[in-house]
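Subject: Structure handover

Hello,

Here is the structure I promised you. Please load it before reading on.

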Amino acid sequence: PVRSEHGTHLLTSSSQHYSSFLDESYFSVLVSPRQSKTFSVVKLVCNTVFVLLLGVKLKFNGVPWITVFLPTLLSNAITFMTIKEEMKYIWATMGSDMTALCRPVACACDAIGSLAAKIVLLTFLMTKPKDYFNTETSASPRSVWTTALTPLWIFVGLSTILRLIPYYPISATRAYKTKHLLAMLLSTLAYFLFRGLQPLLLSLRMDNIVEHRWSIIFAPSWVLTFFGLACSVLMISLSPFVNGFTNGDFRVATQRLLYISAFQMTAISVASIFFLVLVTQKLDFRDNALTGWNHDSVRVLAPILTLFVALILTQPLLARTMLRYQ
């Protein structure tokens with residue numbers, strides 16, 4: 001039971017970091033369970049509305065770009081509110097240990113970089129002609145997308161460094177430090193692949209600086225997708241060992257947390273597989289991949305919309321279960 005508890009903690013910690021990549025930040029039930037649950041659901045709703053508006057924009061071209069990006073800007077504002085509450089809690093309880101602030105500061109870097117990149121990209125979309133982004137027709141490659149995402153590269157680098165700074169409670173045992181370090185390394189690696197390497201490869205490909213097939217460009221997303229599936233299988237396989245826990249309430253909370261986390265990670269992975277297959281087929285088999293989305297946008301974005309609906313339905317239950325687990 002002790003070994004399975006350590007494995008459960010490691011996998012659930014990694015899964016929460018993995019699941020949070022759809023957002024700009026994580027949320028902590030230590031600050032305010034009701035507030036955290038509300039914030040997480042509202043942010044998922046904002047992302048769902050953004051995907052819907054993006055599909056409408058690509059299909060009918062009748063929605064202004066500022067309207068499309070408005071839900072994501074609202075999500076950024078909620079993220080900053082969540083980080084503020086997290087830092088206030090940590091300062092009040094562990095103010096003398098500055099390493100405890102590394103995690104929320106790293107999330108603040110994520111949010112700032114994401115917001116800056118959105119503002120730059122939105123400015124480009126609203127002020128530049130449509131052909132400006134079609135680098136395939138240019139006489140020479142232009143670093144349009146790479147330049148637009150420069151703020152993201154800077155803050156992703158800062159966040160990665162901060163995430164590698166370990167924090168342990170004063171009474172932490174050696175076993176706790178080991179499993180915490182493993183979870184930290186796994187989540188930091190997954191974070192860098194998704195928030196750093198994947199956007200970089202996309203921007204380099206869209207700027208025609210590299211000319212590999214789009215299925216290769218999405219390699220980091222494929223790696224994370226199958227990593228999520230593997231973690232889901234491992235978490236489900238740990239369920240029988242949880243029955244050895246002597247504390248009945250802890251056993252129930254742990255099993256429920258395992259099943260909900262496994263469901264969410266499976267949903268993320270399956271939706272990602274469908275999305276990656278559809279988007280790479282669309283991009284690899286067109287001469288001009290950056291145009292002609294009016295007929296394909298709904299079909300390509302459908303897996304993401306389905307995923308967000310599933311996460312919205314399960315997120316409140318996950319937050320309540322995490323509170324009982326802690």
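Below are the conventions, then the findings.

This is a predicted model: local features need pLDDT of at least 70, side-chain atom pairs count only at pLDDT 80 or more, and totals for chains, interfaces and linings use all residues. Residues are numbered from 1 along each chain as its sequence is written, and side-chain values use heavy atoms, with hydrogens and water left out.

Overall fold

The protein chain has 11 helices and zero strands. Both come from DSSP runs numbered from the N terminus: H or I, at least four residues, for helices, and E, at least two, for strands. Of the 326 residues, 47% count as buried. Buried means under 20% relative accessible area, exposed means over 50%, and partly exposed lies in between (1.4 Å probe, protein chains only). Contact means heavy atoms within 4.5 Å. Among contacts between residues at least 6 apart in sequence, 76% join residues at least 24 apart. The chain exposes about 16,000 Å², and carbon and sulfur atoms supply 70% of that. Areas come from the Shrake-Rupley method with a 1.4 Å probe; for residues, only the protein chains shown count as cover.

Salt bridge

A salt bridge needs a side-chain nitrogen of Lys or Arg within 4 Å of a carboxyl oxygen of Asp or Glu. By that rule the count is one. The partners are R163 and D110, at 2.5 Å from N to O. R163 lies in helix α6 (residues 150-163) and D110 in helix α4 (residues 102-127), so the pair ties together parts that are 53 residues apart in sequence. Both R163 and D110 are buried.

Charges over rings

R163 also lies over the face of Y191, 4.0 Å from the ring centre. The charged end of K59 sits over the ring of F60, at 5.7 Å from its centre. The rule asks for NZ of Lys or CZ of Arg within 6 Å of the ring centre and within 35 degrees of the ring normal.

Aromatic pairs

Rings of Phe, Tyr and Trp (its six-membered ring) pair if their centres lie within 6.5 Å; planes under 30 degrees apart are stacked, over 60 edge-to-face, and the rest tilted. The count comes to four aromatic pairs. One of them is W65 with F69, a tilted pair at 6.2 Å centre to centre and 55° between the planes. Being four residues apart in helix α3 (residues 65-94), W65 and F69 are separated by about one helical turn. F69 is buried at 8% relative accessibility. W214 and F218 form a tilted pair too, with 6.4 Å between centres and 40° between planes. W214 is buried at 5%, and F218 is buried at 8%. F50, W65 and F69 make up one aromatic cluster.

Around T146

Where does T146 lie? T146 is in helix α5 (residues 144-148). T146 is buried, at 17% relative accessible area. Leaving aside neighbours within four places in sequence, T146 contacts W153, S203, L204, D207 and I209.

Surface patch

L164, L181 and L185 form a nonpolar surface patch, with about 240 Å² of accessible area together. Patch residues have over 30% relative accessible area and no salt bridge; like charges are joined within 9 Å, nonpolar side chains (Val, Leu, Ile, Met, Phe, Trp, Tyr) within 5 Å. L185 is in helix α7 (residues 174-206) and is partly exposed at 42%.

Best regards
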